[in-house]
Amino acid sequence: MHNLPFLSPGRARVAVIGAGPAGLMAAEVLAQQGANIDVDVYDAMPSAGRKFLLAGVGGMNITHSEPQPDFLPRYGDRREQLAPFIRRFDSERLRAWIHALGIDTFVGSSGRVFPLEMKAAPLLRAWLHRLRESGVRFHMRHRWLGWNEDGSLRLSTPAGEISAQADAVVLALGGGSWPRLGSDGAWAPLLQQKQVEVAPLQPANCGFDLAWSEHFRTRFAGAPVKPVVASVARPNGGMLNRRGEFIVTAHGIEGSLVYALSASLRDALAANGQAHLYLDLLPDWTLEKVQAELAHPRGARSMSSHLQSRLHLKGVKAGLLRECASKEDFADAARLARAIKALPLAPTRPRPIAEAISSAGGVSFEALDDALMLRALPGVFCAGEMLDWEAPTGGYLLTACFATGHAAGAGVLHWLSTQAQQEEPQT
């Protein structure tokens, strides 16, 4: 590692900590492009790619086919930092890499890219086979505990703690979501002890708690709400609008539409102690049309019957309107129309990070050089979700994990080459 010589003349050993997509991609780059390099992959779980496999249970969305001018902005504030890595290993190159494993892909109607069988397991099996064939050694149930005083790696194993020496290390330990699959964020204090800047881990692509009434919760928990347009305020003004669907839960809301807006909601709650999500319950109707329909006399009909008859508003949408609109709104047709087109929901907090699809926060890009090597620990590289970035679902998360893993592997190759040149005797 940073203070160790090469283990044997002409050869180097690289330890990859973490057997998810980022770590496995770094291992592949090292094994296939690095001459005289031994690659050891360590992971705390019993098998590789646990989160990758679970993420693919409902359909393995591997990347997205949209062009880079639309693709890169999905990474928000970290677009500039991630762009060089994604440009070098973009969605087209990622698809070609998958095809070389013997796995066909297709582009869905939304532009998302999937393996033909829609499953992660065949891809992972083929990948692990190729890695083993190329000489990569796997050490499962090996949990990284940091460093010993001599710079060697501390690893907890079923047989007790061991030490391992390496000329370079790739850390690809994931974020803080789904800790039962290995991404528990336990690495953060180990790096902070080495003066590495780590932003606090937070839930991303997550659900939110709301203070539902017992009646609403009992009746509608589990109900999908579709289609709607959801809106949140942008930090710098204006509104961020997304069309889609979400699910009412016993504790609040979750689902793809909520996940797409979760960063804005989370950050507003953190900054202001409150956040507002506005729902257009009838996105294909104009406000004027809703007002006109509500203005029709309802005679002896109940308001519920009137809403269903004139606006086709029923079920969970009608329940949401009753739950979140005020008595004053229901007493005034114009106010009720505005509530239907912009119904305010007040999330109280994000769901716990253990339930989130992904996490924000992690190793600051300012703590890394352009090759993803830690400035405070030469020879130690970081990749994947443990870096401080976030992205929506839709293939963007995996693409950045693959791309940064690829970049970290290439960074190790360059660094080892530079170290070898510096150690050559002067003539």
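His312 lies in the loop between helix H11 (303-311) and helix H12 (315-324). Helices here are DSSP runs of H or I with at least four residues, strands are runs of E with at least two, and both are numbered from the N terminus. The model is predicted, so local features need pLDDT of at least 70 and side-chain atom pairs count only at pLDDT 80 or more, while totals for chains, interfaces and linings use all residues. Residues are numbered from 1 along each chain as its sequence is written, and side-chain values use heavy atoms, with hydrogens and water left out.

Backbone angles come next. Most residues other than glycine have a negative phi, and most peptide bonds are trans. His312 has a positive phi, near 60°. His312 is exposed, at 58% relative accessible area. Exposed means over 50% relative accessible area, buried means under 20%, and partly exposed lies in between (1.4 Å probe, protein chains only). Gln195 is not a glycine, yet its phi is positive, about 65°. Gln195 sits in the loop between helix H7 (188-192) and strand S11 (198-204). With 67% relative accessibility, Gln195 is exposed. The peptide bond from Lys226 to Pro227 is cis, and its omega is near -20°. Pro227 belongs to strand S13 (residues 224-233).

Thr63 is part of strand S3 (residues 63-64). Its relative accessibility is 0%, so Thr63 counts as buried. Beyond residues up to four places away in sequence, Thr63 touches several residues, among them Phe71, Arg112, Gly395 and Thr399. Gly409 is in helix H15 (residues 396-423). Gly409 is buried, at 0% relative accessible area. Leaving out residues up to four places away in sequence, Gly409 touches Ala26, Val29 and Leu30. Gly409 and Leu173 are 236 residues apart in sequence, and their C-alpha atoms are 15 Å apart.

The structure holds 0 disulfides, a disulfide being a pair of cysteine sulfur atoms within 2.5 Å. Cys206 is in no disulfide, and the nearest cysteine sulfur, that of Cys401, is 17 Å away. Cys206 is buried, at 2% relative accessibility. For Cys401, the closest cysteine sulfur is in Cys382, 13 Å away, which is too far for a bond. Cys401 is buried, with 11% relative accessible area.

Terms used:
Contact = heavy atoms within 4.5 Å.
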